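Trainee: Hi, I'm new to this one. Can you walk me through it?
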Amino acid sequence: EKGYETGEHAPGLKLGGGGAYKAAHHIIKTHAKVWHSYNNKWRSKQQGMVGISLTSSWGEPVDPHSQTDRDTAERYIQFHLGWFANPIYRGDYPEIMKNYVGRKSAQQGLGTSRLPTFSVQEKTYIKGTSDFLGIGHFTTRYAIQKSFPFLQVSSYHTDHDLAELVDPKWPAPGPNWLYSVPWGFRRLLNFIKTQYGNPLIYVTENGVSEKVQCTQLCDEWRIKYLKGYINEILKALNDGVNVKGYTAWSLLDKFEWNKGFSERFGFYHIDFKNKNKPRYPKASVDYYKKIISANGFPNPREVTS
């Protein structure tokens with residue numbers, strides 16, 4: 001959406017209400033082609049795996065007892081994670097996406113939906129093309145029904161008829177979009193288990209940046225974030241979710257999209273003004289070393305005592 005519809009990210013194209021859907025359509029088909037290429041030529045020799053990595057927040061209903069709110073939260077997830085995961089695991093775009101984009105396209109007077117369609121052959125070719133699912137996850141939103149007025153130029157942003165809310169009590173140590181809501185991760189992982197047949201999962205991105213540079217490198221908020229989110233992964237494992245690995249985002253401060261070097265996710269602080277780019281460990285380095293040395297789990301004897 002940001003690359004092909006709003007133009008905020010590279011390649012900076014503003015292709016209207018169909019640009020993001022077309023780009024995603026090509027990504028999904030290309031992914032399937034790569035998977036089949038590996039499957040046919042290299043798998044027997046290398047015994048490797050090919051998957052896809054998708055980043056998604058969790059959408060929570062404001063009122064879990066309200067059917068409208070539950071439907072809206074479901075729509076949030078399907079328009080984010082389901083957009084890519086559903087074709088790969090179930091053979092086609094989520095029904096709710098097809099319905100909403102199709103209806104809005106018809107209201108615009110378009111002959112066909114702005115959401116492209118897969119042929120029967122393409123659906124068969126794409127379905128099952130993932131040996132594992134990579135998941136990037138950072139935060140959660142409450143999703144609430146919001147009907148956008150009829151727009152001659154509808155977009156991905158207005159197609160799903162919802163607004164995103166946050167709880168002001170949620171910690172927001174990093175940028176204005178990244179609230180720390182650990183319980184959302186467990187719910188997202190369980191959703192994946194239920195929707196896609198409990199696939200093998202590798203967490204490929206999870207972490208928090210900082211708004212201001214911590215001069216003493218005391219990033220206690222990052223330590224708290226990691227502790228909360230990794231603990232929810234442990235709960236998901238106990239729920240039977242097939243999580244096999246975890247990667248924190250990120251080892252070093254680095255270039256972050258249109259934020260450049262100003263948004264710092266790293267365990268190691270980088271002095272970008274120095275031509276040698278020296279690296280300095282933040283407090284989270286020592287904490288994370290302890291986690292990975294124990295493979296993320298405390299000593300069982302400590303638990304019993």
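Trainee: Which helices and strands each supply at least two residues of the lining of the largest pocket?
Mentor: Those are helix H1 (19–41), strand S1, helix H3 (67–90), helix H6 (156–159) and strand S5 (162–165). Helices (H or I, at least four residues) and strands (E, at least two) are DSSP runs, numbered from the N terminus. Before we go on: this is a predicted model, where local features need pLDDT of at least 70, side-chain atom pairs count only at pLDDT 80 or more, and totals for chains, interfaces and linings use all residues. Residues are numbered from 1 along each chain as its sequence is written, and side-chain values use heavy atoms, with hydrogens and water left out.

Trainee: How much space lies in that largest pocket?
Mentor: About 1,900 Å³. Of the 48 residues lining the largest pocket, Glu1, Lys2, His9, Thr55 and His80 are the closest to its centre. A pocket here is an open set of points on a 1 Å grid over the protein atoms alone, where a 1.4 Å probe fits, with protein on both sides within 12 Å along at least five of seven lines; lining residues have an atom within 4 Å of a point. The volume is the space filled by probe spheres set on the points, and grid points are joined across faces, edges and corners.

Trainee: Which element gives the largest share of the lining?
Mentor: H3, with 5 residues.

Trainee: OK, strands now. Which strand does S1 pair with?
Mentor: S1 pairs with strand S3 (residues 133–136) in the parallel sense, over 4 bridges. Two strands pair if DSSP finds at least two bridges between them. Isoleucine 52 has leucine 133 in S3 as its bridge partner.

Trainee: And which residues are on the covered face of S1?
Mentor: Ile52 and Leu54 are on the covered face, while Ser53 and Thr55 are on the uncovered one.

Trainee: What does S3 join next?
Mentor: Strand S6 (residues 201–205), running parallel, through 4 bridges. There, glycine 136 stands opposite glutamate 205. S6 in turn pairs with strand S7 (residues 243–246), again in the parallel sense, over 3 bridges. In S7, valine 243 is the bridge partner of isoleucine 201.

Trainee: What feature does UniProt place at Glu205?
Mentor: The unreviewed UniProt entry has "active site" there. UniProt positions are given in the numbering used here, feature names are shortened, and annotations may be inferred rather than shown by experiment.

Trainee: What is glutamate 205 in contact with?
Mentor: Leaving aside neighbours within four places in sequence, glutamate 205 is in contact (heavy atoms within 4.5 Å) with Thr55, Ile135, Gly136, His137, Phe138, Thr247 and Trp249.

Trainee: Switching topic: is glutamine 78 buried or exposed?
Mentor: Buried, at a relative accessible area of 5%. Buried means under 20%, exposed over 50%, and partly exposed in between (1.4 Å probe, protein chains only). Glutamine 78 lies in helix H3, and among the residues it touches are Trp83, Phe191 and Tyr196.

Trainee: What is phi of glutamine 47 near?
Mentor: Near 55°, a positive value in a residue other than glycine. Glutamine 47 counts as exposed, at 61% relative accessibility.
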